[in-house]
Structures are given as C-alpha cells and as structure tokens.
Amino acid sequence: MSFDRHQYQRIVVLTGAGISVASGLHTYRGPDGVWAAHDVERLGHARALAESPQDTWRLFGGMRGPIAQARPNAAHRALARWEAELRPGQQLLLVTQNVDGLHQAAGSRHVCELHGNVMLTRCSNPDCDLPPFEDLAPHTEAVPRCPRCGSVLRPDIVLFGEPLPLQALWQVDRALRDCDLFLAIGTSGLVDPAASLVRYAAQAGARTVFMNLEPLVPPNPAFQETVLGRAETVLPAWLGWPE
Ligand SMILES: [Zn+2]
C-alpha cells in the first residue's frame, strides 16, 4: 500500500532499533558480544554511573567502535530523501530512540534524539559548562575525567532511571499537536514512547502507521495501518522509491 507523500503537512516519524539492524547494529553490543537484558538494565542504570562509572563505559563505550563502522541503510536514506523533497509548507520531524546518529549521517536534518547520542561525551556535573563533544574513544579501561571540573565524564545518552530530555519532549509535543501523519518504524508499538506518541497523534486526527518486522501482539488500536517487513525494504517501497 503506497500513498501520496505530498498530501500531508505535519509529519512525525518515530524510529527505533529495528531501522538500524540492516546497518549491522544491534541495540547493545559490548566488547564481549551481546549483553544480556539484565546486564543492560543494571549497567545502563543511572545508579551504575554514580556507583561504578566504569561499568557504564564498558556497556556504552563498547558500542562506539561498531557504530563508527556502521553506515546508514536504505531506510535511513529514504527518510533523508523524504525530508529533502518536502514541498513548501510541509514539515517532517524525525524522532528517534536510537543513539547511533545514523539519521544525521544519512542527511536528515530535523532529528530529535529522545535518548541522546552515544558518540558524544559530556560532563556528569550538571553545573559544569563543558559542552558535549564528539568522542570515538570507548573508555572501557579507564573512566575519563572532565578537564574543567574533574567530575566523571559520561556518554551523552539517557540512562535507565533518568528522565527524557525536556527540550526534546517539548519539540515532539508541539509537532504532535497538529500532526496529520504519524509513522512508527522498527520500534515496539506497545510500550513508550511509541504507545504515547501514537495516541497523541491519533487524538490530533493523524493517519497512523506501524511499520515493523513483526506485527503488534496484542494490536494497538491507535495504529490504523500496519506495514510488515524489513524497514530498508518496505519503507522505500512505501514512499514510492523501491531500490
Ligand atoms: Zn565538568
């Protein structure tokens, strides 16, 4: 089922880990391979940063090497092309749960990173004025310290137990208020943020589409349509650009 992409004025796209699988990225891949879910929740929690920041870096620093090697796939490129070919008056906000920066690498400009970007490092001291900076070093062996205040440095991502960034939430909230097309790609449609976002979009009267490898079980009635398949195949086809 394709559609006329010029028919919509206020488009919100939400992407999750499923869109980056074809780029060779799995959600959490440390130096020892894929982390077990319980390790991710323990080592990726804000408590671990406070008590044992080396564990935080072992988990997330280990993702930097694979991400630095990864390239955007056809799904990332299709979203960037969609944005580049918008007509006057059309707006597209790309909201992502991914921390890999591949949307920007593909050329998307209007990207809202709900969970931050793991390729950036920042100071853990909220009163410090060190700006986040690009950092390819994994820091899996030694915890880096802030050159300005001496506090522990951390990856610039949202850890378990931390709130989502307010500025990002405001941006999403504003975009959803008059949204007329909402598309979720490669993310669970039953848990947040997708579940809340699609509900707001449906309340605004948007057409709502769920695009994923697997169907939603149980279905989420806020999604009017489901497109099943690999994002890198079905998204370009849906937009009218099969590769
Ligand atoms: Zn600092």
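Residues are termed buried when their relative accessible area is under 20%, exposed when it is over 50%, and partly exposed in between (1.4 Å probe, protein chains only). By this criterion, 51% of the 243 residues of the chain are buried. The structure is a predicted model, in which local features need pLDDT of at least 70 and side-chain atom pairs count only at pLDDT 80 or more, whereas totals for chains, interfaces and linings use all residues. Residues are numbered from 1 along each chain as its sequence is written, and side-chain values use heavy atoms, with hydrogens and water left out.

The chain comprises 9 helices and 11 strands, assigned as DSSP runs numbered from the N terminus (helices, H or I, at least four residues; strands, E, at least two). Along the principal axes, the C-alpha trace spans about 55 × 35 × 35 Å. Among contacts (heavy atoms within 4.5 Å) with a separation of 6 or more, 70% join residues 24 or more positions apart.

Helix 5 (residues 74-84) has 8 of its 11 residues buried, and is therefore largely enclosed by the rest of the structure. The buried positions are Ala74, Ala75, His76, Ala78, Leu79, Ala80, Trp82 and Glu83. These residues pack against strand 1 (10-15), strand 4 (91-96), strand 9 (181-185), helix 6 (102-106) and helix 9 (231-238).
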